[in-house]
Amino acid sequence: MNSILVTGGAGFIGSNYVLDLLEKGLDGRRLVVLDSLTYAGDLDHLATVAGKFDFVHGDISDSALVTQVFLDYSVDQVVHFAAESHVDNSISDPGIFVRTNILGTYTLIEAARNAWMVAPFKVRPGFEAARFLHVSTDEVFGTLTASGTFSETSPYAPNSPYSATKAGSDFLVRSFFHTYGLNVVTTNCSNNYGPRQHHEKLIPTVIRSALGDLPIPIYGTGENVRDWLFVSDHCQAIQRVLDSGVSGETYLIGSRNEWTNNRIVTAICKILDEKIPRSDGRPYSDQITYVADRPGHDLRYAIDPSKIESELGWTAPTSFSDGLELTVAGYIRRFQ
Ligand SMILES: NC(=O)c1ccc[n+]([C@@H]2O[C@H](COP(=O)([O-])OP(=O)(O)OC[C@H]3O[C@@H](n4cnc5c(N)ncnc54)[C@H](O)[C@@H]3O)[C@@H](O)[C@H]2O)c1
């Protein structure tokens with residue numbers, strides 16, 4: 001029996017993907033999750049589906065281990081989420097980002113090449129449909145000014161060690177298609193929000209700080225713009241690209257949903273005011289505190305998702321108001 005290998009399946013997006021995939025059904029495949037359980041990985045995210053997948057505790061940079069996983073499970077699909085993903089950490093400790101995001105992606109895709117190809121452009125019999133999907137970010141394109149959007153033809157211009165290492169991994173994946181004929185697809189997505197996100201990221205931080213009666217931190221002036229996508233919508237788009245994307249192509253995933261940090265934090269505070277008012281009657285927005293800006297902070301990201309919409313017939317189904325309500329309700333349960 002062939003298997004789908006999900007790397008980073010204990011993290012935020014990976015665990016949402018695993019849960020959605022198991023609910024949809026595996027179509028006769030086994031599911032293997034490979035994760036080294038860094039501070040960002042939590043197997044509890046997958047507690048409700050324990051026993052329905054195989055878990056391998058290990059590092060994607062461990063060539064012997066990764067090679068063995070391909071052999072033991074006859075892996076013929078890879079959905080590669082595993083990464084160091086927090087920009088702030090990449091500023092204080094870039095080395096681990098180079099190791100995981102670049103060396104780890106290289107190790108994984110090299111194992112896929114060895115398992116699936118007998119020579120460049122010559123697929124091993126039985127692996128004709130084998131496919132490697134690389135999950136990446138819109139941050140590889142750098143920053144936008146007040147107008148314009150990223151598309152699949154935007155030039156790469158990463159500004160943080162995080163985005164630079166993701167850009168490096170995108171180029172490696174691209175090169176394995178052009179050099180060896182490996183069946184790869186890459187997705188570049190905007191900011192995700194939703195359940196099971198690590199508490200270091202913006203939306204969980206706002207809710208945790210609000211409920212803990214702590215300052216709610218906003219970088220700089222709060223005028224940075226992000227294009228927010230509900231995590232399940234991202235997972236659905238990834239599945240669409242895995243199933244129907246054209247080999248060697250990249251697809252940008254977004255929902256045309258731009259918000260300044262000021263606006264999104266204020267919106268979260270308003271939801272909290274309604275759901276769980278402060279005991280002193282003051283609004284949570286009183287806790288907002290502007291802190292020193294992140295070095296090299298990109299001003300604006302915005303995705304034009306026309307390609308995935310027109311070629312693969314995917315549009316994000318969740319409205320931001322529904323997604324945000326659901327998300328805030330989930331974090332209230334987690335942080336209270
Ligand atoms: N979160 C976003 O808004 C966003 C947006 C676009 C793209 N992405 C990309 O999506 C992917 C997943 O992001 P996320 O937010 O779920 O990240 P996350 O930090 O929540 O999870 C990363 C997971 O990878 C695992 N991991 C880290 N290093 C590993 C290693 N060396 N070997 C094996 N496992 C390892 C961690 O334990 C964790 O489970 C990343 O590639 C990220 O670049 C994220």
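Reader: How many nonpolar, polar and charged residues are in the shell around the ligand?
Author: By class, that shell has twelve nonpolar, 13 polar and three charged residues. Keep in mind that this is a predicted model.

Reader: Which residues come nearest to the ligand?
Author: Ile13, Asp35, Ser85, Tyr162 and Lys166 come nearest, out of 28 residues around the ligand.

Reader: Which elements each supply at least two residues of that shell?
Author: Helix α1 (12-24), strand β7 and helix α5 each do.

Reader: And where does the largest share come from?
Author: From β7, which gives three residues to the shell around the ligand.

Reader: Which backbone atoms are 2.9 Å from an oxygen atom of the ligand?
Author: A polar backbone atom of Gly11 is at 2.9 Å from a ligand oxygen, and a polar backbone atom of Phe81 is also 2.9 Å from an oxygen atom of the ligand.

Reader: What about Leu37 and the ligand?
Author: A backbone N or O atom of Leu37 lies 3.5 Å from an oxygen atom of the ligand.

Reader: How much of the ligand does the protein bury?
Author: The protein buries 96% of the 840 Å² that the ligand exposes when taken alone.

Reader: Changing topic to aromatics. How many aromatic pairs are there?
Author: The count comes to 13 aromatic pairs.

Reader: Take Phe70 and Trp116. Why is the pair edge-to-face?
Author: Their ring planes are at 65° and the ring centres are 6.0 Å apart, so the pair is edge-to-face. The cut-off for that class is a plane angle over 60 degrees.

Reader: Where do Phe70 and Trp116 sit in the chain?
Author: Phe70 is in helix α2 (residues 63-73) and Trp116 is in helix α4 (residues 94-116). The two are 46 residues apart, and the pair links distant parts of the chain.

Reader: Is Phe70 buried or exposed?
Author: Phe70 counts as buried, at 4% relative accessibility. Trp116 counts as buried too, with 1%.

Reader: What about Tyr156 and Phe171, why is that pair tilted?
Author: The planes of Tyr156 and Phe171 are at 35° and the ring centres 4.8 Å apart, so the pair is tilted. An angle under 30 degrees would have counted as stacked.

Reader: Which parts does that pair tie together?
Author: Tyr156 lies in the loop between β7 (131-137) and α5 (161-180), and Phe171 lies in helix α5, so the pair ties together parts that are 15 residues apart in sequence.

Reader: What are the relative accessible areas of Tyr156 and Phe171?
Author: Tyr156 has 28% and is partly exposed. Phe171 is partly exposed as well, with 46%.

Reader: Which residues form the aromatic cluster with Tyr156?
Author: Phe141, Phe150, Phe171 and Tyr301 form one aromatic cluster with Tyr156.

Reader: Now charges over rings. Where does the charged end of Arg113 sit?
Author: The charged end of Arg113 sits over the ring of Tyr180, 4.0 Å from the ring centre.

Reader: And Arg263, which face does that residue lie over?
Author: Arg263 lies over the face of Trp259, with 3.8 Å to the ring centre.

Reader: Back to helix α4. What does the side chain of Thr105 reach?
Author: The side chain of Thr105 reaches the backbone oxygen of Asn101 at 2.7 Å. Thr105 is found in helix α4 and is buried, with a relative accessible area of 1%.

Reader: What joins Ser169 and His134?
Author: A polar contact of 3.1 Å between their side chains. Ser169 lies in helix α5 and counts as buried at 1% relative accessibility.

Reader: Ala167 is in helix α5 as well. Buried or exposed?
Author: Ala167 counts as buried, at 4% relative accessibility.

Reader: Last topic, backbone angles. What is the phi of Ser74, and where is that residue found?
Author: Ser74 has a positive phi of about 45° although it is not a glycine. Ser74 is found in the loop between α2 and β4 (75-80).

Reader: And Phe121, what phi there?
Author: Phe121 has a positive phi of about 65°, and is not a glycine either. Phe121 is found in the loop between β5 (117-119) and β6 (122-123), and counts as exposed at 56% relative accessibility.

Conventions:
Residues numbered from 1 in each chain as written. Predicted model: local features only at pLDDT ≥ 70, side-chain atom pairs only at ≥ 80, totals over all residues. Heavy atoms only, no water. Phe/Tyr/Trp six-rings, centres within 6.5 Å; stacked < 30°, edge-to-face > 60°. Helix = DSSP H or I, 4+ residues; strand = E, 2+ residues; numbered from the N terminus. Buried < 20%, exposed > 50% of the residue type's maximum accessible area, 1.4 Å probe, protein only. Lys NZ or Arg CZ within 6 Å of the ring centre and 35° of its normal. Near = heavy atom within 4 Å. Polar contact = N/O pair within 3.5 Å; in protein donor to acceptor, adjacent residues only side chain to side chain. Areas by Shrake-Rupley, 256 points an atom, 1.4 Å probe, with all protein chains shown as cover. Nonpolar A, V, L, I, M, F, W, Y, C, P; charged D, E, K, R; others polar.
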